[in-house]
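Here is a short briefing on a structure. Please look it over, then read the points below.

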Amino acid sequence: MHMVRAAETAPTAYPWIVHADGLQVKAGTHLAVDGLDLALGTGVHALLGPNGAGKTTLMRALATVVRPAGGTLTVLGAPVHGRAELRRVRRALGYLPQHFGFYPRFTVREFVEYVAWLKEMPRSEVPAAVQRAIDRVGLTAKADTRMKTLSGGMLRRAGIAQAIVNDPELLLLDEPTVGLDPEQRLDFRELLRDLGVDSCVLVSTHLVEDVVAACTDVVLLNEGRLVHRGATASLIAEGGSSDAGDSPAERGYSALLRRHRAEAGR
Amino acid sequence: MSRILRIELRRSAALWAGLILLLAGVVMCYVGPQRWSSGWMALAMIEREYLMLMAPLALAAGAWQSRRESRAGLSELLESTPRPRLQRVLPVLGALGLAVIGGYLAVLAVTAPWIAGTARYLPAAAFAVVTVGALTVAAAAWLGVAVGRLWPSIAAGPVLACAGIGWLMGFPAAIRGQQWLGMLFSPMYGMSRFSDYETVSGRLTAAQTVWLVALVVAVYILHGVEGRRARLAASLPLVLGVAVAITVVPHDRSVAHAIDPVARELVCTTDAPKVCVARVHSALLPEVTPQARQALALLARLPQPPAEAYEDTTTTWGSGVPELGPDPAGVALMTITVDDRGHLAFPNDLVPRIVGRVLANVGRCPGGLDSSVLRAATYWLVGTEPPDEPRVDDDRRNDHVRQLWQGLLKLPEARALARVAAVREGALRCADLEGMLSDT
């Protein structure tokens, strides 16, 4: 059973879990996120966009791994360029990077426990939290298996387990469904809906069906700028029968991008 | 932390590193057990000498462990976690440090039973010698991790190991004139023993502890910082430690092969005739006493015989080498050597050696004495045929000794004894002994 901590029921002093204003973030020397305004609260938010749109760079900035080059970014009420509150913010973060690294000799349980320790969770809560995280991603039977023996899909789920072990207030999942088979993706959508009830989940993905099924709203990026922001239904509404795609959501995605590119080209 | 430390102990290279150190140490120790069988201090010092292999292995293990971080690609995730870098590295460094220290100490656990029955004297300095050794392997492993982090290559381990051997053995050789400096910075150097009474200077141990601890601190801080300037700043404790160590260590020859006066003190039988051995050999007293007393009884047939037998504790190396002179009157001196099991070496040879030394008045005559005559006289007193002299291939010389001995046997006992007494008398005067045993 999940114990409710005092911190979870305490009222938050900030209106948004993520708040970006004119945010600029560099990837190397290139400005991959350029003047982004964004506010996210609880719920499951899909981060869509073509390759090179700046999704991963935005994720990294939100994960406090890279510092913004300009604008302001406030995560959980604290500016990410200030060192003072960074530690508190990081305790409440969950992050699955696009390229998920792991120690191959660790078992799943050991690895998740290690991340729990890195996130400075109270020692007494760790074993139960680790078990719960592993159970939630459906790796219970593989909990004591070495990471190096896991398949791609299992590794991705282990990556999700480490990201959610501390019941993060802000959960960042960069392409979490890569390598998952259709059945696992269904379970994952279920998990996403569950997680989005009391935390802010930002999921970067190319799979538009996942978005429709599990996300409350959509953030569409292109070339570092916000193209569209709205409920999942608004994405579907944008698409017409002439737009490319096999589903209403895909057609909406194509339509929005095509229109944005046309405007930018003008 | 303790749970994570346990995970790291299980999953990192730590246990393997400890096992490899243990194996290397045990193999080297058992290649030549006579080097350390004489006592606890000998064991502690000889294991320190084998740092020549164990410290480079620890360095390589550290670099190997470091490869895990660079290969895993975990840094992205790590950078998003709140735990400060210095805390983050603690479990893996702790596991590695514990394992290599454990490996170093386990060598003692494997070798100690070998001499537990014969080693008595356990000076506090022996613990200090072991501590410096353990500190050295831990510092080496941590340094290996740090270097591996800055240079994440598969070559880092072997290169570091070679550099470690080069440092430990090459540095003292390069500064030959400054032995104290070589001993200070190469914790294996100067640990070869010339006598069983040797110890390691307390000031040397203190100085080594200072710079090794400073190295450990510097390497640890190095893990927590980024950038060239911060790394330079991290080396500050090391610079300070080295400076203090150089100030503390004695800058003269006394630092090498220091003698422990307590180890050299004589421990004697309570009953007469008195037989004494050095404290470090005290467990051998029951083995030595009957032999020494037998030798005294044989010598009693001569005029002015020695009444007591002492171990010769003069040393010919290191500090306080006495001038060679005649043995004290009234005492038969004997050199005690220990075999590879810690017992008296060549026990059947002790009686003739004691008798021979009394006859020859060792070390007094500048030109030397006729050894064939002395040998024949010795074995006549002992009452056995002179065996071939060890390391002498000259059959004529061995035959000559036996001829002289047979000549004595043919004589009436009183005459033979008079001749042997005359040989001893002649040796005292450094006279020419040739012909003193044969009829002319």
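Which residues of S8(A) are buried on one side, and which on the other? Cys200(A), Leu202(A) and Ser204(A) are buried on one side, and Val201(A) and Val203(A) on the other. Both faces of this strand are therefore covered, where buried means that 20 or more other C-beta atoms lie within 10 Å of the residue's own, exposed means 12 or fewer, and partly exposed lies in between, with C-beta atoms placed from the backbone.

This is a predicted model, in which local features need pLDDT of at least 70, side-chain atom pairs count only at pLDDT 80 or more, and totals for chains, interfaces and linings use all residues. Residues are numbered from 1 along each chain as its sequence is written, while chains are lettered from A and ligands numbered from 1 in the order in which they are written.

**The sheet of chain A**

- Six strands form an open sheet in chain A, in the order S6-S7-S8-S3-S9-S10, and the pairing is mixed.
- Strands (E, at least two residues) and helices (H or I, at least four) are DSSP runs, numbered from the N terminus.
- Two strands pair if DSSP finds at least two bridges between them.
- Strand S6 (93-96) and strand S10 (225-231) of chain A each have a single partner strand, so one side of each lacks a neighbour in the sheet.
- From one strand to the next, the twist averages 15 degrees.
- Axes here are lines fitted to C-alpha atoms, for helices over the stretch in contact, and angles run from 0 to 180 degrees between N-to-C directions.

**Strand S8 and its partners**

- S3 (residues 43-48) and S8 (residues 200-204) of chain A run parallel and are joined by five bridges.
- Across this pair, Leu47(A) stands opposite Ser204(A), and Ala46(A) stands opposite Val203(A).
- S7(A) also pairs with S8(A) in the parallel sense, over five bridges.
- Here Asp174(A) stands opposite Ser204(A).
- S7(A), helix H7 (residues 182-195) of chain A and S8(A) make a right-handed β-α-β unit.
- Right-handed means that, with the strands pointing away from the viewer, the path from the first strand over the helix to the second runs clockwise.

**Helix H4 of chain A**

- Helix H4 (residues 108-118) of chain A has 11 of its 11 residues buried, so it is largely enclosed by the rest of the structure.
- Among these buried residues are Arg109(A), Glu110(A), Glu113(A) and Trp117(A).
- They pack against helix H5 (126-136) and H6 of chain A, together with H1, H5 and helix H6 (85-88) of chain B.
- Contact means that the C-beta atoms of two residues, placed from the backbone, lie within 7 Å.
- Just after H4(A), Glu120(A) takes a positive phi of about 55 degrees.

**The loop at Ser151**

- Ser151(A) is found in the loop between H5 and H6 of chain A.
- Ser151(A) counts as exposed because it has 11 C-beta neighbours inside 10 Å.
- Ser151(A) and Leu180(A) are 29 residues apart in sequence, and 9.8 Å apart in space, C-alpha to C-alpha.

**Chain B against chain A**

- 17 residues of chain B are in contact with 22 residues of chain A.
- On the chain B side, helix H1 (2-11), helix H4 (51-72) and helix H5 (75-79) each give two or more residues.

**Confidence**

- Chain B averages a pLDDT of 91, and 97% of the residues score at least 70.
- pLDDT is the predictor's confidence in each residue, from 0 to 100.
- The predictor gives the complex an ipTM of 0.89 and a pTM of 0.90.
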